[in-house]
Amino acid sequence: MATSAPARSLLPAGDLGGRHIVLGLSGGIACYKAAELCRAMVKAGATVQVVMTDAACQFITPVTMQALSGRPVFSSQWDPREAAGVGNNMAHINLSREADAIVVAPASADFMAKLVHGRADELLSLMCLARPIESVPLILAPAMNREMWSHPATQRNIEQLRADGTTVLDVGAGEQACGETGDGRMLEPEELLYDLVRFFTPKLLAGQHVLVSAGPTFEAIDPVRGLTNLSSGKMGFAIARAAHEAGAQVTLVAGPVGLPTPRGVGRVNVKSALNMQKSLDHLAQAATVFVSAAAVADWRPAQMLDQKIKKDGSGEVPTLSFVENPDILASIAASPRAQSGALYCVGFAAESQDLLAHAQAKRVRKGVPLLVGNIGPDTFGQDDNALLLVDAHGTVELPRASKLVLARQLIAEIARRLHG
Ligand code: CTP
């Protein structure tokens, strides 16, 4: 919970820390995006070795890629320079042996067709074929015209590549460099970086359907006024992202916040506590984990007026009366699915003092197996936080860190409890 900023700012610098990536570029206008991707991977802590085909060098120069990666680029299998510190003139062997993954972005239609047939007539395809298939994953980011993309030959090739163990990422849709509109654009560098980070994340929640609530609720007084709170939704959005990285199917029910939806996550926007309850009650029927990170307003005006309340010049102030909102978490936690263990519920507690005592009492009151306590005034609007996890066995402290780091730790804690 806290204020608004793009999910991008939640990305800590070390997401690819310690990873060595061989970034291959085949020919396509999307090579310009590979420059940004290279920069983003380096910023995320990876070391990057760029390998380019001759066709790629027609679109962007090796000088640019060398400057961004900080390493000389390889583009020929006859290049006599030392590769990966070995001077045996076998760049196709040496470069792939030290890689945690080979990422080809852009992967052209022609390049994928070559891979399907195991052809190896230039350095990049030679290196893909010569890589240790069990330990060096190959990840392709296709990029091409929409007709080339939807052609049965390309779709057949992608199916074959997947069957051969290659990870073929999605493509984007939209306006293409050729002026046509449709599927086939290479994903944006930020999306590719996210997919890469996810690729390396252990799939602790594979097979789970995680439902997350996030943000404040807005309780209307009249058509232009309402009651809300300072929650930004950042913590809930980070949890949704971390759950998706961990392999879960994720649905996020968000109160009114301006945050972008984490990649791969389904989102339902709601306004009031009653709207939120309706969505969550419905979605909880299919979920296996529910994380209630939303700061649900405790009260709503007893009635929502159809017309704006006007000043009448007398100086009299309007009197508002309130009714209590339903406790969404407590009612879902009391449902037969939660009681039978089919739905694991996690609550949050935003407190201003005595965190441990309040969190323990709230966990029992809400009837949830795990409750995550935090100090509200220390977290609302911030990019970082500190959490105290309380369950029936005791407590776990997660020291102050970015909300994404904490979200990943929380997901690992939930997975540990789910797997007994
Ligand atoms: N919650 C909910 N429905 C409500 C109020 C809270 O589902 N009407 C959920 C929150 O999403 C959170 C947990 O209950 O997971 C605790 O919320 P919090 O605001 O800390 O506590 P309250 O139940 O409002 O209790 P209090 O105001 O006494 O601290």
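Which residues are linked in a network of salt bridges? Asp15, Arg241, Glu245 and Arg408 form that network, a salt bridge being a side-chain nitrogen of Lys or Arg within 4 Å of a carboxyl oxygen of Asp or Glu. The legends below begin with the whole chain and then turn to close-up views.

This is a predicted model, in which local features need pLDDT of at least 70 and side-chain atom pairs count only at pLDDT 80 or more, while totals for chains, interfaces and linings use all residues. Residues are numbered from 1 along each chain as its sequence is written, and side-chain values use heavy atoms, with hydrogens and water left out.

**Figure 1. Overview of the protein chain.** The secondary structure comes to 16 helices and 19 strands. Helices (H or I, at least four residues) and strands (E, at least two) are DSSP runs, numbered from the N terminus. Along the principal axes, the C-alpha atoms fill a box of roughly 85 × 55 × 40 Å. Of the 420 residues, 49% count as buried; buried means under 20% relative accessible area, exposed over 50%, and partly exposed in between, with a 1.4 Å probe and protein chains only.

Figure 2. The ligand has 14 residues around it, of which Ser292, Ala294, Leu329, Lys362 and Lys366 come nearest; a residue counts as near if one of its heavy atoms lies within 4 Å. By class, this shell has 8 nonpolar, 2 polar and 4 charged residues. Here Ala, Val, Leu, Ile, Met, Phe, Trp, Tyr, Cys and Pro count as nonpolar, Asp, Glu, Lys and Arg as charged, and the others, Gly among them, as polar.

Figure 3. A nitrogen atom of the ligand is 2.9 Å from a polar backbone atom of Pro326. For Ile328, a polar backbone atom is 3.1 Å from a nitrogen atom of the ligand. An oxygen atom of the ligand is 2.5 Å from an N or O atom in the side chain of Lys366. Taken alone, the ligand exposes 560 Å², and the protein buries 80% of that, with areas from the Shrake-Rupley method and a 1.4 Å probe. Helix H12 (328-333), strand S16 (344-351) and helix H14 (355-366) are the elements that give two or more residues to the shell. Strand S16 gives the most, with 4 residues.

**Figure 4. Salt bridge between Glu351 and Lys362.** The two side chains meet at 2.6 Å, N to O. The pair links distant parts of the chain, with Glu351 in strand S16 and Lys362 in helix H14, 11 residues apart. Glu351 is buried, with a relative accessible area of 11%, and Lys362 is buried at 16%. Lys362 is also among the residues that come nearest to the ligand.

**Figure 5. Two further salt bridges.** The count for the model comes to 22 salt bridges. One of them joins the side chains of Glu191 and Arg263 (3.8 Å, N to O). Glu191 lies in helix H9 (residues 189-200) and Arg263 in the loop between strand S11 (249-254) and strand S12 (266-269), so the pair ties together parts that are 72 residues apart in sequence. Glu191 is partly exposed at 28% relative accessibility, and Arg263 is partly exposed at 23%. The side chains of Asp384 and Arg400 also meet in a salt bridge (2.9 Å, N to O). Because Asp384 lies in strand S18 (residues 384-391) and Arg400 in strand S19 (residues 394-402), this pair ties together parts that are 16 residues apart in sequence. Asp384 is partly exposed at 26%, as is Arg400 at 42%.

Figure 6. Helix H1 (residues 31-43) has 13 residues and reaches 19 Å from its first C-alpha to its last, close to the 18 Å expected at 1.5 Å a residue. That expected span is 1.5 Å times one less than the number of residues. The buried residues of H1 are Cys31, Lys33, Ala34, Ala35, Leu37, Cys38, Ala40 and Met41. Just after H1, Gly45 takes a positive phi of about 100°.

Figure 7. Most residues other than glycine have a negative phi, and most peptide bonds are trans. Ala84 has a positive phi of about 55° although it is not a glycine, and phi of Asn89 is near 60°. Ala84 lies in the loop between helix H3 (62-69) and helix H4 (91-97), and Asn89 is found in the loop between H3 and H4. Ala84 is partly exposed at 35% relative accessibility, and Asn89 is partly exposed at 37%. A cis peptide bond joins Ala105 and Pro106, with omega about 5°; Pro106 has its place in strand S3 (residues 101-107).

Conventions:
Polar contact = N/O pair within 3.5 Å; in protein donor to acceptor, adjacent residues only side chain to side chain.
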